Amino acid sequence: MTEPTAETPAPPSTDPEATSAAVTPSAEASAAPIAAAPEPVPASGPLSKPYRWLSIGMFSLIFLAAFEAMAVTTIMPLVAEQLDGESLFALAFAVPLAAGIIGMVIAGNWTDRSGPIPSLLVSAALFVVGLVIAGTAVNMEVFIVGRFVHGLSGAAVIVPLYVIVGRVYPSELRARVFAGFAAAWVIPSIIGPALAGVVAETFSWHWVFLGVIVLVVPAAAMMLPPVLRVRSQVQGDRSVQWSISRVGWAVLVAAAALGVSLSKELADPWRWVVAIAAIALAAWAARPLLPQGTLRAARGMPATVLLKLIVAGAFFGSEIYLPYLFIERYEFSPSLAGAVLTGAGVSWAVASWLQGRLTRVSNTQAVVIGTILLAISLAIVFVVALFTLAPAIAFTAWTLAGGAMGFMYPRFSVAVLALSPVSAQGFNSAALTISESLGAAIALAITALVSSALGAGMFAADFAVTVAIALVAVLLASRVRPLSAASPAS
């Protein structure tokens, strides 16, 4: 999620991070002319009159995409049973992740060239098509095709939304808009699984997909008129070329991510061989899709993109094992164990709201604070798992971890947009979302391999891996500040 230039007739920003020189992601992007974005209208908040329906429409689209992602987790066992597809269970989860990487790259290139409106409309339409395919599937193969299509489009729709935020909203509102995005993503994690279960039990699992269509269409229609009214602010740059090679690299990264996700299904020693090879391939193939210097944590935008990859790996790599820990070791019911995730979801939303109002806290400061809190939280969870301490301690720590993520996550988007030339906002937005997907996929693969090597129930080892990842984030957090902004005031 992302951000660009100064906008209102108010005095110039005193935040050096928001006024530093733009960092271009590639030679291709730097060769493109950088047009000055029109100045957005000042406003008191994302729901103030100039932005109200646009904000509500964007929040609704994010909410529905998130609900679909969360709901599938609940109903997938039922889908696999009814479609006789238990052998393809893991593939049904891995395919949308891989497809999303391809969708992000295409949407990024298209958005830079033609503006966000065409890619947004096509992505939303394809999302509906994917829901129809999955919701009417009569066998698991067709269902996976549907998962591919709405995985491709669901990820792609995010990129133009980020660019719209960067072009249309004043800089002082962007952190609050991204806080709204975070809340729109987190709330379905609280209500989505239970609601999907009710729909599947009352009607059919098919309506978990088909029912969303009824809501997607009005949400898209809601935001279209306000977007068209500001279309002069969201024009593309025709000098940005279509990059077929970038799509090819995306396909290779997607294949590697798929290999990483599915490696745990193999027997020893092949699971290790495939996982290590896939991770190496993903890192190598992702380089053309990320800002130059990302893998070496170059200051500014490259380090910001890398930090999101690392933070996503630390948090999501831990998230799948915490309920498992409570169920296996403390004999919690699944619903009670799931309440742990609900606590983190609430704290994530609250912290996102808070950071959007702490305008004096710079992007770098927010990331430094967030990574430290995340590392402390995961270290406490590790100690609980190691010494079988009271589960309430782990619940409290995980709630703090959710707050840490909510406090820093929107700022990754704000920081990247602040450093993006208009002609590269789509590329950099896509890079930021790709990094999140890769971070989560790689961390999940590593923890799964550790579990398979040490045996079920060795939760401390899994959390030790994610603590180590979080500590790397702490060490690199200050590099979010660009060189030109490296002053005590920032």
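How many helices and how many strands make up the secondary structure of the protein? The tally is 18 helices and zero strands. Please keep in mind as you look around that this is a predicted model.

**The protein as a whole**

- The protein has 490 residues, and 56% of them are buried.
- If you take the contacts between residues at least 6 apart in sequence, 85% of these join residues at least 24 apart.

**Helices H15 and H16**

- H15 covers residues 363–387 and H16 covers residues 391–418; their axes lie 8 Å apart, and the two helices pack at an angle of about 155 degrees.
- An angle over 145 degrees counts as roughly antiparallel, so H15 and H16 are roughly antiparallel to each other.
- Their crossing is left-handed.
- Sorted by class, the residues where H15 contacts H16 are 22 nonpolar, four polar and one charged.

**Helices H12 and H18**

- Your next pair is H12 (residues 301–319) with H18 (residues 459–476), whose axes come within 9 Å and cross at roughly 155 degrees.
- H12 is therefore roughly antiparallel to H18.
- The crossing of H12 and H18 is left-handed.
- On the H12 side, the contact is made by Leu306, Leu307, Ile310, Val311, Gly313, Ala314, Gly317 and Ser318.
- On the H18 side, the residues they meet are Phe463, Thr466, Ile469, Ala470, Val472, Ala473 and Leu476.
- Eleven nonpolar and four polar residues take part in the contact of H12 with H18, and no charged ones.

**A look at Phe143**

- Phe143 sits in helix H6, which spans residues 140–156.
- Is Phe143 buried or exposed? Phe143 has a relative accessible area of 0%, and since anything under 20% counts as buried, Phe143 is buried.
- Setting aside neighbours within four places in sequence, the residues in contact with Phe143 are Met76, Val79, Leu83, Ala92, Ala134, Ala137, Trp205 and Phe209.
- Ile133 is ten residues from Phe143 along the chain, and the C-alpha atoms of these two residues are separated by 6.7 Å.

Notes:
Residues are numbered from 1 along each chain as its sequence is written. This is a predicted model: local features need pLDDT of at least 70, side-chain atom pairs count only at pLDDT 80 or more; totals for chains, interfaces and linings use all residues. Side-chain values use heavy atoms; hydrogens and water are left out. Axes are lines fitted to C-alpha atoms, for helices over the stretch in contact, and angles run from 0 to 180 degrees between N-to-C directions. Helices (H or I, at least four residues) and strands (E, at least two) are DSSP runs, numbered from the N terminus. Angles under 35 degrees count as roughly parallel, over 145 as roughly antiparallel, 65 to 115 as roughly perpendicular and the rest as oblique. A crossing is left-handed if the near helix is turned anticlockwise from the far one by less than a right angle, and right-handed if clockwise. Ala, Val, Leu, Ile, Met, Phe, Trp, Tyr, Cys and Pro count as nonpolar, Asp, Glu, Lys and Arg as charged, and the others, Gly among them, as polar. Buried means under 20% relative accessible area, exposed over 50%, partly exposed in between (1.4 Å probe, protein chains only). Contact means heavy atoms within 4.5 Å.
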